[in-house]
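Please open the model in your viewer and keep the selection panel at hand.

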Amino acid sequence: MTRGVESVNVRVDEPVEVARQLAAPLSRRGFVSRGIALVGLGSVLPAAFVRAVFAEGTPPGVTSKRRALVVVQLGGGNDGLNTLVPYTDGAYYDARPRLAVKPETALHLSPTIGLHPEMTGLKALYDSGQVGIVQGVGYPNPNRSHFRSMEIWHTASMAEHTSTGWLGRLLDATRFEQKQAWRAVNIGSALAESLTSQASFVPALTSIPTYTLNTDPRARGQGDRRVTDWVRLFAQQAAYGGALAMVSETGTKAYQSTVDLRREIGSYQPLANYPGTALATALRTSAELITSNLGTGICYVSTGGFDSHSGQDNTQPALLRAVSEAVSAFYADLAARGMDQDVLTVMWTEFGRRVKENGSTGTDHGTATPLFVIGGGVTGGLYGETPSLRNLDGNGDLKHSTDFRSVYATVLEQWFATDPKDVLGGSFPALPLFA
Amino acid sequence: MAGMMTTRQRIQHLLRRTGFGYSAAELGEYVALELDGSVERLLRPGLVDDSVVDSALAPVLAVFDAPGDPQDPSVRRAHREALWAAWYLRMTRSRRPLVERMTYFWHDHFATSIGKVDSALLMHRQNELLRRNALGSFRDLLLGVARDPAMLIYLDNRTNARQAPNENYARELLELHTLGEGNGYTEQDIKEAARALTGWRIGEARTAVFRPNLFDSGRKTVLGQTGNLNDATLVDLLAGHPRVARYIAGKLVAAFVRPEGDTALRERATATYLRTSGSISEVMRTILLSDEMYAPAAYRAIIKSPTELIVGAKRALEIAAEGRTEVEISNRMGQRIYDPLNPAGWAGGEAWLNGTTMLARSNFIAQLTALGGNGAVDIPGLLRRNGVTGSASAVVDWVLDLLVGGDVDAASREVLIDHIGGVHFNFDRAAREGTLHGLIYLAMCMPLYQVA
């Protein structure tokens, strides 16, 4: 039995000491906070810190000192060819007799390329020069497993068992101060692997009001006592190490972050009409966090349902419409606050789909796919090569022309003024997204 | 130090892993059987009388047999309520807990979501299929799932035809259900396996039917084996494959012993699998009777899933589940039963832990131990029934034995003793003021209760 406790010799009223004496690393993928003081009830976080972290490298024309990144993940593998449609390419219509978007309904962006007809909101943003679309994004030796391909995108690494995500490594590389829990936030109850870090706790929340530790209102006079004892037990049991230390530290930091959240959140009211979809609600929560005093610089948002093996004609249009409307409302809200220049949205999916439709009015797993970069700070337009529908790989899939890590490198270097090599472990050519 | 684990502690550890925890009375029954007898009781559910649960289930399950169009909105609503109610009732009350724990394991392994299947009736039938085969032959289970209407819908095999192949199910069959990602198969194997799986449709009574005209009867080569493979011969090929045996054995070891796995035990469990033609109960016997199961590296090493936490708390406090509230509470902790986010099931382990899920775990316990309101738990009654009313330390020690198998550091124990009054403890006053509820709240929130 793992009874390391007695030898540590701690007192219950000294949680700081408990944490200081934690010796062993916690986990291969969790955050580790060896030697760092666990904090009891309440602490003050320096709001200036995030500005320091995320303010450097402000591009010309951006006046605010605050910059944020919102990552939107379209889970399941969105069909890129029906999102960014090559509406003059006969090979596209040959491969998609039932699913192809008609040339006249595509929202034309160029003489050959158009958006899916449901994406009118995004088209309007594109027309105002705020959307960059990188075509043919992928990576060498594409993996058609959802899970492995997502892992590659999240970790930005081709090595299996990479224990941190690319944004987690960004947090670690720019960590000046431990108590800055809210500089990155996951919206939703499952923390995205992109945010997995060695040393930074990242809150995940489903909504701001529910992110709280409840006590029993009927236990009169007992509520505070319960919280105090809860904090003591969590601090104490970190000393067991292993899975118990992970639970203890996550609980302690979660509680701490509820205290910080209540103090700094402010009184946000949306300045745009957000649709009722989960994605729109998540982006509204992102807007609330980014515009608060919490210093939030990264929000991670996920939405799913794109795995269109069958009945794609029934599912994908509604999904693309929901994406387009949510993003459109988000930027209307930010623009009304003069912050649309300062918030960058990157929207990705783990792979595109096979060129040829299958027998179920659907498409099976494929490879290269477009990636969207959105915001007032972006130089709008089409980037990268349009993938050829004639020069396919051995599986009948598109060949990628831009490595997704080039997009990450561009964001790290030009948006966050961080050396991409520290995060990506290699060099990838930047794109002129903000030039 | 595991050598220091008493038989009682080993049985408590075993029941945390295989039985969603235990009530005080249940623990007594298992302790009387000693460790080997406890494992036998778990592995031979047919010898355990479960008629009380069967009687309680009958009215819930009757909904699925009642006449009425399954597409009718009121029938659909009734089916949905019965779906969760039936399984939570079984998990919280069955005296054959390993059957439910294995059914839950297979639900995660063969993850299928009601979101896409859109039929509580079919999800319920799949659940019954998993339960029937939970401790049986892996081959039978695999073939049952291949022909299960919910799976045929979820991974699109109902649209897979000779004329127009759909490789969704074939890919996940190899990647998730049998071999593991990248474990020695190719894109070509997936395409050929998809051809072997053609021909299945969902018929009139919402059951699977085979349509020969949609089946691809040509030669296929999967994992180097060539022939006119169909779903049954493909399943035979897979279920008998040593790499599949190792993958399944390894996944069971990770789920029941320690998340990091254990190579030596996995190899012994693989040997058992191959020797017994994939008998799940024999593989489980190898695992549950192994030294590794009770080794220090396995002790308190598994982070409870939301389901394990919810069901375990209800079993310990002897409260019934009704299904509807549990599913939403579990969802807040990151797990909605019958609705996994993707075909890989739940990532589990550390992935259960983040800010919002940790708060949701404690907030569930707060609700469970609330002093009043719907379904409030009579904590003082539970303690009185078990004759635990003496000193603060006696109450705390009984609670800690029930919830975490004792073995708690002195400082944590002191926090709990102080919470109910320490040397000034008075049972009736503590009951009145709510500190006995507070004690259970704290003991169930604390990290030691969050692990198994």
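Predicted model: local features only at pLDDT ≥ 70, side-chain atom pairs only at ≥ 80, totals over all residues.

Residues are numbered from 1 along each chain as its sequence is written, and chains are lettered from A and ligands numbered from 1 in the order in which they are written.

Stay with the two domains and select the residues at their boundary: nine residues of domain 1 of chain B are in contact with eleven residues of domain 2 of chain B, where contact means that C-beta atoms, placed from the backbone, lie within 7 Å. On the domain 1 side, helix α1 (residues 7-18) of chain B gives the largest share, three residues. That side divides into four nonpolar, five polar and no charged residues, counting Ala, Val, Leu, Ile, Met, Phe, Trp, Tyr, Cys and Pro as nonpolar, Asp, Glu, Lys and Arg as charged, and the others, Gly among them, as polar.

Now zoom out to the whole of chain B, whose secondary structure comes to 24 helices and four strands; these are DSSP runs numbered from the N terminus, helices being H or I of at least four residues and strands E of at least two. Its C-alpha trace spans about 80 × 55 × 40 Å along the principal axes. If you colour chain B by pLDDT, the predictor's confidence in each residue from 0 to 100, the average is 95, and 99% of the residues score at least 70. For the model, ipTM is 0.95 and pTM is 0.86.

Next, display chain A beside chain B and select the interface, in which 61 residues of chain B are in contact with 57 residues of chain A. On the chain B side, the elements that give two or more residues are α10 (168-178), α18 (355-368), α21 (410-419), α23 (435-445) and α24 (447-450).

Which residues of α21(B) are buried? They are A411(B), S412(B), V415(B), L416(B), I417(B) and H419(B), a residue being buried if 20 or more other C-beta atoms lie within 10 Å of its own, with C-beta atoms placed from the backbone. Just after α21(B), select G421(B), which takes a positive phi of about 115 degrees.

For the last stop, select C299(A), V301(A), A193(B), L252(B), I287(B) and A443(B), which touch the most other members of the largest nonpolar core, a set of 252 residues. Such a core consists of buried Ala, Val, Leu, Ile, Met, Phe, Trp, Tyr and Cys residues joined through C-beta atoms within 7 Å. Domain 1 and domain 2 of chain B each give at least three residues to this core. Centre the view on I287(B): leaving aside residues up to four places away in sequence, I287(B) touches L252(B), V253(B), F256(B), V257(B), L265(B), A269(B) and M293(B).

Terms used. Buried ≥ 20, exposed ≤ 12 C-beta atoms within 10 Å, placed from the backbone. Domains from an automatic or database assignment.
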